[in-house]
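Keep the picture open as you read.

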Amino acid sequence: MRNAGAVWIGLAVAALTSCSETGGTKNASQGETKGEPVRRVFLEQVGDVAVAQLYADGFESLPLDQKLLAYHLTQAAIAGDAITYDQHSRFALDIRDIIEGILSYPDGLDRGTYDRVRRYAILFWAHHGNHNTRTMAKFLPEFSYEEVLSAMQQAMVNGSTFGVATPEAARKKLDRVRPALFDPKFEPLVTNKTPGEGGDILTASANNFYEGVTTADLQGFTEKNPLNSRLVKGDSGLTEEVYRAGGDGAAPGLYADELSAVIGHLEAAIPFAGPKQAEALRQLVRYFRTGDPAAWRDYNIAWVGDNPAVDAINGFVEVYHDPRGQKGSYESAVFAVDRATTELMRKLAGEAQYFEDRMPWKDEYKNKKPAPPIANAVTILCESGDAGPISWAGINLPNEQEIRQNHGSKSILLWNVMGAADTVNASRLRDEFIASDAERNADALYGSTASNLKVALHEVIGHGSGKVSEKLEGDPSKALREYYSTMEEARADLCALWMLPDPKLHELGLVGDPKVVEVAYAAYVRSAITQLRQVPAGSVLEEDHMRGTNMIVNWLREKSNCIAASNVNGRTFYRVTSVEKMRQGVGQILSELMRCKAEGDYAALKALVDGYGTKLDPKLRDEVVSRAQQAKIPATIAYVMPDLKLVTDKSGKPTDVTVSYPQSMEKQKLAWSRRAARP
Ligand SMILES: [Zn+2]
């Protein structure tokens, strides 16, 4: 589960610690100093996506074995990246071949065509396919069919093959993806949880988790690999195509080539890992070979039981792209723990029982022994698949409730990502969406502390909290289905909001001034407006974090009389009128969401989410989108990852790993495709 950083950290300033190396001190407009490379964070903006460079400060000073471990884990991450494209759309890898085949051989191309293909490619790489990962809606290229066909012909003259043998086959490839690329009515949503009267969530979604399957087909069918398989309906009924490389007694399955490559890099990483981490990686290898959910469970238990300096997430993890909330998208994140800033997360984790005891919900849903989650502030070294290049601010895993309840979970705060997002966004958002000077000044002073604390509380205290009823059979996600993720993200947000005014945070030295709470509450309420800039069309929110925020703020507006809306010259503002009342309201809706989770109350949760979370006001949205455009505030940020390179001596023995910064999405993604050449 993740914290919607793109929404939240927009209002933060990277000033929580004295560390100024978080990517926030220099900007693109500063000139180049002789001999010293310019540290550019913001690189360019394409449509509503800003492209920014992520920096991995401190990597150079890691010991060699940790650098080598990081290097191999990064290679594993890149090797699996193609899987996510294919999961999002059965056309995505062919589209990628086409745009990358053109951009790799651009000689003689018309400049305008090249720019149009490149702009589409930036969005395509950012979202891992031709649908927006936040709105789930398809976006279209600015180039035409004829234009891209002639660009392909030119690129073939230059030596491009588009992964096929003949020009005729290349044209066929383009024809196959033609509706996906150009027809706005063809598969308009990658994930559609609200298809309307008579619609079906599975057939209305463009993703590749299901082929020919309707929700009704699933009645009475039990999946053996719910998280890591694709369901296909054929003449003989439903079959599960399991994602696995094969080996350890299992036959190769879907994505066998990519997973074999991932396994190769994981095995190369194992010698540089400590004993516990090596054991976890071996379980992960077994899981990728066999696809066995038991191996995934063993891996996760080993993973939460260890806290190494360089760590990774790798697997089929988040279920946001499946309207049923069951199928995991491939992702990997590789990171190094930032020991100094980790202190914040540690302090919170150490008080897990204190916070649990003070949650507003009924005692029977309180966890009497919360396993304190491991909480780290980290420097992201690489994010692939569903984890990047659009990143989150915080991640808490694993998602399996049983493991969380009995073995704990790990939380990370993506420190360098938060810093970079802040550099790109903070002051522009503040200027546009806060009405009064006093509030703007308070936000400038405390916004960063408030935001970082909120993210930390969401991940460390929020997701780890609560206990489900003994009467509930199985994981609550089974009972709450397509509403589960929205509930869980809203619940974690509410836990954070509920705990922010608690004196414990002051005692721990995390909240120095009560203004922090005011600023945090104001920012949360405001985010219900500012997040609308990420949904340029339609009248429905699809993304779970956004739904959660929308539900909470709309509910508070209606029920707790703590938010005032105003309109000044066509600009809408939300303002918190009473922090006290807002906290009471937060406690009420939080108790109800916890009850829904604990009891698996689908009907009550559906009423809440449909009533307050799903719908948006298109008029307000249009206003926000146009304000954001005028103020040049991107809807999302896509990050160019640091590039790790292996240095070897004459005998081929590794002597170092260097880090460099490509400062170009295009350069990086074309290099990734060459490195992890797809079969
Ligand atoms: Zn979350």
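Q: Which residues of helix 5 meet helix 6?
A: Tyr145, Val148, Leu149, Met152, Gln153 and Met156 in helix 5 meet Pro167, Ala170, Arg171, Leu174, Arg178 and Phe182 in helix 6. Two residues are in contact if their C-beta atoms, placed from the backbone, lie within 7 Å. By class, this contact of helix 5 with helix 6 has nine nonpolar, one polar and two charged residues. Here Ala, Val, Leu, Ile, Met, Phe, Trp, Tyr, Cys and Pro count as nonpolar, Asp, Glu, Lys and Arg as charged, and the others, Gly among them, as polar.

Q: A word on the source: what kind of model is this, and which pLDDT do local features need?
A: This is a predicted model, in which local features need pLDDT of at least 70, side-chain atom pairs count only at pLDDT 80 or more, and totals for chains, interfaces and linings use all residues. Residues are numbered from 1 along each chain as its sequence is written. Helices (H or I, at least four residues) and strands (E, at least two) are DSSP runs, numbered from the N terminus.

Q: Why are helix 5 and helix 6 called roughly antiparallel?
A: Helix 5 (residues 145-157) and helix 6 (residues 167-182) pack at an angle of about 150 degrees, with their axes 11 Å apart. Axes are lines fitted to C-alpha atoms, for helices over the stretch in contact, and angles run from 0 to 180 degrees between N-to-C directions. Angles under 35 degrees count as roughly parallel, over 145 as roughly antiparallel, 65 to 115 as roughly perpendicular and the rest as oblique. The angle of about 150 degrees is therefore in the roughly antiparallel class. Helix 5 also passes helix 6 in a right-handed crossing; a crossing is left-handed if the near helix is turned anticlockwise from the far one by less than a right angle, and right-handed if clockwise.

Q: What makes helix 10 and helix 14 oblique?
A: Helix 10 (residues 339-349) and helix 14 (residues 437-462) have axes 10 Å apart and an angle of about 40 degrees. That angle belongs to "the rest" in the scheme above, so the two helices are oblique to each other. Their crossing is right-handed. Leu344, Met345, Leu348 and Ala349 in helix 10 meet Ala456, Leu457, Val460 and Ile461 in helix 14. The residues of this contact divide into eight nonpolar, no polar and no charged.

Q: How do you know that Met136 is buried, although it lies in a loop?
A: A residue is buried if 20 or more other C-beta atoms lie within 10 Å of its own, exposed if 12 or fewer, and partly exposed in between, with C-beta atoms placed from the backbone. Met136 has 27 C-beta neighbours inside 10 Å, so it counts as buried. Its loop runs between helix 4 (111-127) and helix 5. Met136 also has a positive phi of about 70 degrees although it is not a glycine.

Q: Is Tyr255 buried or exposed, and what makes it so?
A: Tyr255 has 26 C-beta neighbours inside 10 Å, so it counts as buried. Tyr255 is in the loop between strand 6 and helix 7 (256-269), and has a positive phi of about 65 degrees although it is not a glycine.

Q: Is Gly237 buried or exposed, and why?
A: Gly237, which lies in strand 6, has 9 other C-beta atoms within 10 Å, so it is exposed.

Q: What makes strand 4 and strand 6 edge strands?
A: Three strands form an open sheet in the order 4-5-6, with mixed pairing. Strand 4 (210-211) and strand 6 (237-242) each have a single partner strand, so one side of each is left without a neighbour in the sheet. Two strands pair if DSSP finds at least two bridges between them. Strand 4 and strand 5 (residues 229-234) pair in the parallel sense over two bridges.

Q: Why is strand 3 called mostly covered?
A: In strand 3 (residues 49-53), five of its five residues are buried. Val49, Val51 and Gln53 point one way and Ala50 and Ala52 the other way.
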